[in-house]
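Please look over the sequence and the model below before reading on. The report that follows describes how the chain is packed and what lies inside.

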Amino acid sequence: MKKKTLTTLGLSIVLALGLVGCGSSAGETETTTEAAVATTEEVTTESSEEVNTEVADSDVLKQASVTEAEKATASDPGYVYTGNPVTIKVGASITPHSEILEQAKPILEKQGITLEIVQLEDYITPNTGVIEGSLDANYFQHTPYLEQFNSENGSDIVSIGAVHYEPFGVYAGKTSSLADLKEGAIVAVPNDVTNEARALLLLEQEGILKLKEDAGINATVADIVENPKNIEIKELATEQLALSLPDVDVAVINGNYAIEGGLSVKDALAVEANDGLAAQTYGNIVATSAEKKDDPALKALVSVLQSKEISDYINATYDGAVVPLN
């Protein structure tokens, strides 16, 4: 805009001097016109220099901003927070979610975000905290569980990004292999709807039982159509499954509770297939209220959790019990 304004000013000078020259001699007019042209060129040159200086300054600022963004996230910066310093409070299961969030803390701090992690051991409080506003977000659940929770509670919590997948495993209790399961063996599974379905699908994968063809991720014990060994399904709270192993033949356990129980996925008698329905469906997500789904600090949190740096940490730490999705 400066160049256009100054150039217009130069042209105005030319016209004004030209009009004055109408009452002068030809020599005077020529001299006056040459002076006006020189003035116009000088003004135009000065304006061009100013514009070039502004562009150069803009490029320097832009480059400085990119450099700071690159420093903020050691690998792929993705979305980078650029607002005022802020604190976000995130509810999470102890393992592995809180541990993964701890790795994100210093990265977010460089962006001006203080991450406060609230460790929670149940599957209800993280969502009620988001509803009540005591938590900005949570990181502990998969989408089917969230959808079930919203349906049962009339809430509108939303996913803002998937981070990792925790393969379910069948772990030995009184019986050391699935082939050795006897008639009437007791098999412990999670007692919440979505995770029970997942456990039943894994048992079907291993040929222990057969479900109705269309049962899918909504399967319940009522959908069992074949049970050749008449196994007894024992429904328990997820946090009790690892503790139940001495009293049952085998237990199907969520990845995070298996880790907390000192179990290794490599020791599992069977594990969900990485390319199966479960891997496509049960990615663990960061969730928040509908009002905060576009919050810049929460977007930065998800970006960091999906970064290569965090993926590398997950792969190096959990030995296959936690699998990054990005």
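## Terms and basis

Two residues are in contact, or touch, when heavy atoms of theirs lie within 4.5 Å. This is a predicted model, in which local features need pLDDT of at least 70 and side-chain atom pairs count only at pLDDT 80 or more, while totals for chains, interfaces and linings use all residues. Residues are numbered from 1 along each chain as its sequence is written, and side-chain values use heavy atoms, leaving out hydrogens and water.

## Nonpolar cores

Leu 301 touches Ile 88, Val 90, Leu 101, Leu 108, Leu 115 and Val 286, if residues up to four places away in sequence are not counted. Together with Leu 101 and Ile 253, Leu 301 touches the most other members of the largest nonpolar core, which has 53 residues. Such a core is a set of buried Ala, Val, Leu, Ile, Met, Phe, Trp, Tyr and Cys residues joined through side-chain atoms within 4.5 Å, where buried means under 20% relative accessible area with a 1.4 Å probe, protein chains only.

Apart from this core lies another, of 23 residues, including Ala 199, Leu 202, Ile 233 and Val 250. In soluble globular proteins, nonpolar side chains tend to be buried together.

## The chain as a whole

Of the 326 residues of the chain, 42% count as buried. Among contacts between residues at least 6 apart in sequence, 76% join residues at least 24 apart.

Conventions. Buried < 20%, exposed > 50% of the residue type's maximum accessible area, 1.4 Å probe, protein only.
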